[in-house]
Amino acid sequence: MSGCFPVHRRDLGLLLLRLGVGGALAAHGTQKLFGWFGGHGIEGTGNAMESMGYAPGKPSAIASGLAEAGGGTLLAVGLATPFAGAAAAGGMAGAAAVHAPHGFFAADGGYELPAVFGLVGTALALTGAGRYSLDHATCHVLDRGWMVPLALAATATAAVCVVGSRQRRLRNGTEEPSGPAAEASGPAAE
């Protein structure tokens, strides 16, 4: 096949994975931030977050929305991949904590989808975006090897603090978040 345009299968696979998962995360985040795609926007999501134990609700909604919309968009275009993947993984850790009491499978309200998105975000942070990305086009200025452990460690630390704080709030209040905001929030809120 000499003379043919070299198609790099691994890099093409990474591009498709980034576009699919990054696009889904970005759309999910815009539900929280702007109320797009049937979302609840900052106010509605903030109320839902508060009822789920993430307080204060509005800043929690903004942080979650930015992790998803920002991390997802950056993953999709392949820019600052260590930080984008880590942000996505951190946001999904918070969502998984909400769904964990319902078991693993999404059909039962479980944490299946946030776990998969978080795992993909972490994997992309580790592997990089591949040849068909803005990281490659910019000579990896925002995708250096030392950035990977830094981004993942910072996100893991933040996720442990945020989820741990939520768990303490739930133990000190009600064991299971409830109320109309928690029931109506569905996947768009976490």
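Predicted model: local features only at pLDDT ≥ 70, side-chain atom pairs only at ≥ 80, totals over all residues.
Residues are numbered from 1 along each chain as its sequence is written, and side-chain values use heavy atoms, with hydrogens and water left out.

Now the overall layout. The chain has eight helices and zero strands; helices are DSSP runs of H or I with at least four residues, strands are runs of E with at least two, and both are numbered from the N terminus. Of its 190 residues, 43% count as buried.

Back to the rings. Phe 37 forms an aromatic pair with Trp 36, edge-to-face, at 6.5 Å centre to centre and 85° between the planes. The rule is that rings of Phe, Tyr and Trp (its six-membered ring) pair if their centres lie within 6.5 Å, and planes under 30 degrees apart are stacked, over 60 edge-to-face, the rest tilted. The count by this rule is four aromatic pairs. Another of them joins Phe 34 and Trp 36: the centres are 4.8 Å apart and the planes are at 35°, so this pair is tilted. Trp 36 itself is partly exposed, at 47% relative accessibility.

What does Thr 30 touch beyond its neighbours within four places in sequence? Its contacts there, meaning heavy atoms within 4.5 Å, are Gly 35, Trp 36, Phe 37 and Ala 69. Thr 30 is buried, with a relative accessible area of 9%, and sits in helix H1, residues 9–34.

Last, how H1 packs. Its axis and that of helix H5, residues 112–127, come within 11 Å and cross at roughly 135°. Axes here are lines fitted to C-alpha atoms, for helices over the stretch in contact, and angles run from 0 to 180 degrees between N-to-C directions. That makes H1 oblique to H5, since angles under 35 degrees are roughly parallel, over 145 roughly antiparallel, 65 to 115 roughly perpendicular and the rest oblique. Residues making the contact include Leu 14 and Val 21 of H1, and Phe 117 and Leu 124 of H5.

How values were computed: Buried < 20%, exposed > 50% of the residue type's maximum accessible area, 1.4 Å probe, protein only.
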